[in-house]
Each structure stands twice: as structure tokens, then as C-alpha cells.
Amino acid sequence: MTAPTEEGGMHLQHQRWSDLSARRRVGVAVVSAAQLALTAAAYRDLARRDADEVNGPKAAWALAILVNWVGPLTYFAKGRVRS
């Protein structure tokens, strides 16, 4: 099944989980687990910090952390007050 073409004429395909090789399934599972662990660590850190130990509103960081890899990584890099 072919999806609409993107710029450059490259065809995108949607694959079902059952269509993936065992190696790709493991890769997807590992990357997904890493993303979930990073997100959980960011939420745990945010929950344990006082508001004065966070750059900006905690509620805003809680929403930002939801943005795949970018949110948690940005929180760890910019969201915490460094002493």
C-alpha cells in the first residue's frame, strides 16, 4: 500500500507491526522504551523540585516534556536551575 508522495517524488509506505522484521521490531521497542524512560525521568525530576528550582512555570514544563525527545532533553538542559 502506497501513501501519497512527498516532495521529491519519494513514496512513503505504512507498515503494520506484523510486516516488520524481528530486528526492526526490537529496534522500535528499544527506542520506545528509551523515550518512555527519559520522559518518566523528566517528570519524576520535575515533581521532586520546588518551583524556585525550575526555570519557568512547572505546568509549562510538564506540557513541554510531552514533546517526544525534545521536551525531556530540553527540560534537563534548560528547565532546571543550576546552583
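# Close-up views of a predicted chain

**View A. Val54 is in contact with Leu46, Arg49, Trp61, Gly79 and Val81, neighbours within four places in sequence being left aside.** Contact here means heavy atoms within 4.5 Å. The model is predicted, with local features requiring a pLDDT of at least 70 and side-chain atom pairs 80 or more, whereas totals for chains, interfaces and linings use all residues. Residues are numbered from 1 along each chain as its sequence is written, and side-chain values use heavy atoms, without hydrogens or water.

**View B. The chain comprises 3 helices and 2 strands.** Both kinds of element are DSSP runs numbered from the N terminus (helices: H or I, at least four residues; strands: E, at least two). Along the sequence their order is β-β-α-α-α. Of contacts between residues at least 6 apart in sequence, 46% connect residues at least 24 apart. Buried residues account for 18% of the 83 in the chain; the term denotes under 20% relative accessible area, exposed over 50%, and partly exposed the range in between (1.4 Å probe, protein chains only).

**View C. The largest nonpolar core has 6 residues: Ala42, Leu46, Val54, Trp61, Ile65 and Tyr75.** Such a core is a set of buried Ala, Val, Leu, Ile, Met, Phe, Trp, Tyr and Cys residues joined through side-chain atoms within 4.5 Å. Val54, a member of this core, is in contact with two other members shown here, Leu46 and Trp61.

**View D. Ring pairs link Trp61, Tyr75 and Phe76 into a cluster.** The structure contains 2 aromatic pairs, where ring centres lie within 6.5 Å and planes are stacked under 30 degrees, edge-to-face over 60 and tilted otherwise (Phe, Tyr and the six-membered ring of Trp). The rings of Trp61 and Tyr75 form an edge-to-face pair, because their planes stand at 65°, with the centres 5.7 Å apart. This pair links distant parts of the chain, as Trp61 belongs to helix α2 (residues 58-64) and Tyr75 to helix α3, 14 residues apart. Trp61 and Tyr75 are both buried, and both belong to the largest nonpolar core.

**View E. Asp45 takes part in salt bridges with Arg49 and with Arg80.** A salt bridge is a side-chain nitrogen of Lys or Arg within 4 Å of a carboxyl oxygen of Asp or Glu, and the structure has 2 of them. The N to O distance is 2.7 Å for Arg49 and Asp45, and 3.7 Å for Arg80 and Asp45. Because Arg80 lies in the segment after α3 and Asp45 in helix α1 (residues 22-48), this second pair ties together parts that are 35 residues apart in sequence. Shared partners join Asp45, Arg49 and Arg80 into one network.

**View F. Thr39 of helix α1 is in contact with Ile65, Asn68 and Pro72, its neighbours within four places in sequence being left aside.** Thr39 has a relative accessible area of 15% and is therefore buried. Ile65, one of its contacts, is a member of the largest nonpolar core.

**View G. Leu73 is located in helix α3 (residues 70-79).** Its relative accessibility is 47%, so Leu73 counts as partly exposed. Tyr75, also in helix α3, is by contrast buried.
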